[in-house]
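Please look over the sequence and the structure shown here before reading on.

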Amino acid sequence: MTAKEYLKQVRKANVNIDQRIREKSELLEMATSIGSFNYSKERIQTSPPSSAQYEHLINKMLDLDAEINSLIDTYIDLKHKIIGQIQELRDVNYVEVLHKRYIENKRLEVIAVEMNYDYNYIRHIHGDALQEFEKRYLEDDTQKHI
């Protein structure tokens, strides 16, 4: 795994949580919505969802709640670990660039403006920071598996 792939785990974990929350919201909407009527055709009666359907939706939402809580716990632990690793790097610019890029999910162009540096310089710093991060935290793991 490269340093970039490793650091992107934080964003991926956050995206997974957001997707599960949206999924739960959709289930809640389904459970609380009433059917729609079509007045353009003959009279058709709609029946509200059965209690079995409600029970199924509620169970799904409870399962999603448990999954979301577990994902949040994992996300917090991962984020805390990676922030700690970033903060141990030797160069303060490396720390700032990697934090802004992988924890705050900012683009390098935005980081360049915020740090008042040229975009190409930030790209260079980003590359050097990734190399140092990989040497410090990932190369040892790679050597152990060989």
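This is a predicted model: local features need pLDDT of at least 70, side-chain atom pairs count only at pLDDT 80 or more; totals for chains, interfaces and linings use all residues.

Two packed helices are described by the angle between their axes and the distance between the axes, and both values are given below for each pair.

**Helix α2 with helix α3**

- The axes of helix α2, which covers residues 9–32, and helix α3 come within 9 Å and cross at roughly 165°; because an angle over 145 degrees counts as roughly antiparallel, α2 and α3 are therefore roughly antiparallel to each other.
- The crossing of α2 and α3 is left-handed, and the residues in the contact of α2 with α3 comprise 18 nonpolar, three polar and seven charged ones.

**Helix α3 with helix α4**

- Helix α3 (residues 51–87) and helix α4 (residues 92–103) have axes that come within 9 Å and cross at roughly 160°, which makes α3 roughly antiparallel to α4.
- The crossing of α3 and α4 is right-handed, whereas that of α2 and α3 is left-handed.
- On the α3 side the residues in contact are Lys79, Ile82, Ile83, Ile86 and Gln87, and these meet Val95, Leu98, His99 and Ile103 in α4; sorted by class, the contact of α3 with α4 has six nonpolar residues, two polar and one charged.

**Salt bridges**

- The count of salt bridges in the model comes to seven, and three of them are described here, starting with the one between Arg20 and Glu67, whose closest N and O atoms are 2.7 Å apart.
- Arg20 lies in helix α2 and Glu67 in helix α3, so this pair ties together parts that are 47 residues apart in sequence; Arg20 is partly exposed, with a relative accessible area of 24%, and Glu67 is also partly exposed, at 31%.
- Arg90 forms a salt bridge with Glu132, with the closest N and O atoms 3.0 Å apart, and since Arg90 lies in the loop between α3 and α4 while Glu132 lies in helix α6 (residues 119–145), the pair ties together parts that are 42 residues apart in sequence.
- Lys106 forms a salt bridge with Glu114, the closest N and O atoms lying 2.8 Å apart, and salt bridges that share partners join Lys100, Glu104, Lys106 and Glu114 into one network.

Note on methods. Residues are numbered from 1 along each chain as its sequence is written. Side-chain values use heavy atoms; hydrogens and water are left out. Axes are lines fitted to C-alpha atoms, for helices over the stretch in contact, and angles run from 0 to 180 degrees between N-to-C directions. Helices (H or I, at least four residues) and strands (E, at least two) are DSSP runs, numbered from the N terminus. Angles under 35 degrees count as roughly parallel, over 145 as roughly antiparallel, 65 to 115 as roughly perpendicular and the rest as oblique. A crossing is left-handed if the near helix is turned anticlockwise from the far one by less than a right angle, and right-handed if clockwise. Contact means heavy atoms within 4.5 Å. Ala, Val, Leu, Ile, Met, Phe, Trp, Tyr, Cys and Pro count as nonpolar, Asp, Glu, Lys and Arg as charged, and the others, Gly among them, as polar. A salt bridge is a side-chain nitrogen of Lys or Arg within 4 Å of a carboxyl oxygen of Asp or Glu. Buried means under 20% relative accessible area, exposed over 50%, partly exposed in between (1.4 Å probe, protein chains only).
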